[in-house]
Amino acid sequence: MPPPATASLGSASPLSALRRVAVLVVLVLLTETAPLEISLVYPAVPSLSHEFGAAAADIVVAVVSLSAAMSIPVTGRLADRLGIKRLMLACSGAFAAGSLLCALANGLPMLVAGRILQGAVGGLLSLSYALVRKVFPPSQVPLVLGVAATGIGVSGVAAPFLGGHLTDVYGFRGVFWFLLALVLVMLPCAALVLPGERPVPIVPAPRAGRSASLARQRLDMPGALLLGTALGAALTGVGRSSSAGWTAREVPASLAAAILLGLVFVRRERRLARAGVEPAVDLELLTSPGMRSTLPLAALGTAVVAAVGFLLPQMVQDEQHIGALAAALWTFPLGVATLLGGPLGGIVARRHSPRHAALLATALLAAAALGLAVLPHDRPQIGLLVAVFGLGLGLQYSALSNLVTEAVPPTQAATGTALLAACSQLGAGAGVALLGGLRDTSGPASPAAYSLAYLACAACGALAFTTASLMRQGRTPATGGTGAPERPAGPQLPHHTSPLAHHEGDPRMTTTPSGSASTAAAPGADEFPVHTVSMPLAPRKFRPGGAGSTPHMYGHIRLTPQTRVIGAQVDGLDLTAPLDAATRAELRQALLERKVLFFRGQQLTATQQRAFAGVFGTPERDHPFLPSAGDPHVVRLAHDAQNPGTENIWHSDMTFSPQPPLGSVLRAVEVPATGGDTLWADMAAAYDGLSDTVRRRIADLRAVHEIPQAPGDVGAARARLRPVEHPVVRTHPETGRQLLYVNRVFTSRIVGLSSQASRELLDFLTRQADYPEYQVRLHWEPGTVAVWDNRATQHYAVCDYFPDHRVMERVTLVGDRPA
């Protein structure tokens, strides 16, 4: 099954350094629009109340957040399909139209309609994060993400002064005229400077006879709208609680609607995923380890930021008895510190980890809120505390963007950052309603009421710090997204389909012996390359030894290594005769060291083969679906042109079992005149060849193993046996070496990753068996016996001998649970 279609990126030469600087400047100015809109409209609330009434002013302020929450999921999904630049321009255009309506509004309906259109700006910040990942080289991405967040600092410095002046001179319409002018200046700059992408057409729903792969290209817009509506209902309920109280009828009704719509959304997405239709939001991405910890952190941190940002200017005005413009002189250090905090967060993420940046950010936010609660509110004190808070704010935006970048694959970059933005919207709404609302619980605003609200903000910040400290993701230096699995660029290789692949679209059964890749289309003049970690054409590291690899000295067997890393031929033994204890011990040691042993000229019966297998372990009986050779411990594998082999794909035997086999003993009964060889790959050497970054990323992952879909006995066994989980990196129970433990036949997905990320990572890891440096090849002759360690190897039976017959008999050894 092909991966979900995404906007196709060019493969042109990388953008020049000057062009990338221009892109960054435009992104900073565009991302400034959203916080600037909020910061400018707040001072205009009195003007709005004077013209439309206080209740109408509340609606005007709140509806833009509601619109943003509803549109962000749709925006992110469309950006991954149609291109980030197109969606950024579309969002900016909608914001400009909304600003014009608000500036010309002669009544409340027109003003609300304009504010709904302005809500489209909510996705700009998340889209800019995704674009940074695609434009800049990975080594620059962590820092650039921090710099991109400086637009928030710019708005924090300018907005209090600008908003106060515009409102005092021109009324609320002056704010919207200014926002319109700003966006009209930025739109042509963005159109000229931002690099473009080629869109992927969205096809209609699949009809009878249409390929299932086309169904994956259909965007589930109803699902995205359903999620947006659920988020909007939740934001409405939380927002109304601050003014109407939790007992007001509309509050529980909105929250109940949000929960109901959320459940309907989850059920719908699961049903569509089972039907093979690409979901609006990949639930596996939403619940992946990286997103599962980052999204709550974003909600908690943003709740603190929004609540303090809501309380601070009002507190200064109330306590100092000054206007909004004069209060801005007290709070402007917040914006200046935010300008510094963004790049600092990028540096910390790159040198240490995004988690370190998040810990520092949440600690500063909590400390500043606590200081506002307990320290005197004189001007120097306020200036210091808001500077600390602003530094934490910049660090938080940088930390969160880097955490999401490390957690999601590039093909879902915009979707991942959109989920972050949506969760932040909910956190902001909850922060203002719950934390900021505490100020009003004890009557009119007073210093004690403000202290209570700030204490609640400090507690929320401490909870955010605890969440960051418990995160298992983001603990290594930020890679700019290269730690996420990538599909390497290169020519499309012909796919090989296993004869077991009777189920259309089963990714487990459609493979490429040397790995698959997508063909890059010719780039347009204004398209940009993806900076990815391409898979090297040879292993980065080649370690023929490994832990405990000093060759053993053998006194009872003659061992001839077949390659430097795997395989040996054992000579001088008659396997039909009993073997003494010393010989048996050396054979077991040789198997651990060489992983595959070959014996020539052995004329064994099935009974003698089973007895010899006892040298290495306990023979298993009754294979789940393969036929026996008359002895329940011996499996017969007979193939010809009418019954082609199904083992011509890299795999380890029976990893779908909770305790996969220790190893196998395979005997040639009838061999073709030519062909029919078997290859083995050393998966410990394959693990050693991975980069340190990849090994860190996969260290704690687990994968699901199951029998693939197929008719007959295989399908019956699949229905009978439940899927199991094994570690992606297994430790050999006897040698202690770590090795890759995923394969193309039985490993269906990686736990905790989105379906796209799982496919890409499995594709990369299973391709490691393709390297000839890790392989040994056996040409079968009558009487040849092969023994292999199933824990440490994968094997591939070449089907190139038809119409000749090839008959093998195998004894499998009882294994243990992988750890």
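Mentor: A crossing is left-handed if the near helix is turned anticlockwise from the far one by less than a right angle. Keep that in mind for this predicted model.

Trainee: Which handedness does the crossing of helix 6 and helix 10 have?

Mentor: Helix 6 covers residues 108-118 and helix 10 covers residues 172-193. The two pack at an angle of about 35°, with axes 13 Å apart. The crossing of helix 6 past helix 10 is left-handed.

Trainee: Which residues of helix 10 make the contact with helix 6?

Mentor: Start on the side of helix 6. It gives Leu111, Arg115 and Gln118. Facing them from helix 10 are Phe172, Phe176 and Leu179.

Trainee: How many residues in the contact of helix 6 with helix 10 are nonpolar?

Mentor: Sort the contact by class. One residue is polar and one is charged. The nonpolar residues number four.

Trainee: What is the term for how helix 1 lies to helix 8?

Mentor: Helix 1 is residues 17-31, and helix 8 is residues 141-148. Their axes come within 9 Å and cross at roughly 40°. Because of that angle, helix 1 is, relative to helix 8, oblique.

Trainee: Which residues of helix 8 touch helix 1?

Mentor: Helix 1 brings Leu24, Val28 and Thr31 to the contact. By class, the contact has five nonpolar, one polar and no charged residues. The partners from helix 8 are Val144, Val147 and Ala148.

Trainee: Where is Pro803?

Mentor: First, look at its peptide bond. A cis bond joins Phe802 and Pro803, with omega about 10°. Pro803 sits in the loop between strand 16 (793-797) and strand 17 (806-813).

Trainee: Is Lys595 buried or exposed?

Mentor: Find Lys595 in the loop between helix 22 (581-594) and strand 5 (596-599). Its phi is near 75°, positive in a residue other than glycine. Buried means under 20% relative accessible area. Lys595 has 5% relative accessibility, so Lys595 counts as buried.

Trainee: What is the phi of Met654?

Mentor: Met654 lies in the loop between strand 6 (634-639) and strand 7 (663-670). At 9% relative accessibility, Met654 counts as buried. Met654 is not a glycine, yet its phi is positive, at about 55°.

Note on methods
Residues are numbered from 1 along each chain as its sequence is written. This is a predicted model: local features need pLDDT of at least 70, side-chain atom pairs count only at pLDDT 80 or more; totals for chains, interfaces and linings use all residues. Side-chain values use heavy atoms; hydrogens and water are left out. Axes are lines fitted to C-alpha atoms, for helices over the stretch in contact, and angles run from 0 to 180 degrees between N-to-C directions. Helices (H or I, at least four residues) and strands (E, at least two) are DSSP runs, numbered from the N terminus. Contact means heavy atoms within 4.5 Å. Ala, Val, Leu, Ile, Met, Phe, Trp, Tyr, Cys and Pro count as nonpolar, Asp, Glu, Lys and Arg as charged, and the others, Gly among them, as polar. Angles under 35 degrees count as roughly parallel, over 145 as roughly antiparallel, 65 to 115 as roughly perpendicular and the rest as oblique. Buried means under 20% relative accessible area, exposed over 50%, partly exposed in between (1.4 Å probe, protein chains only).
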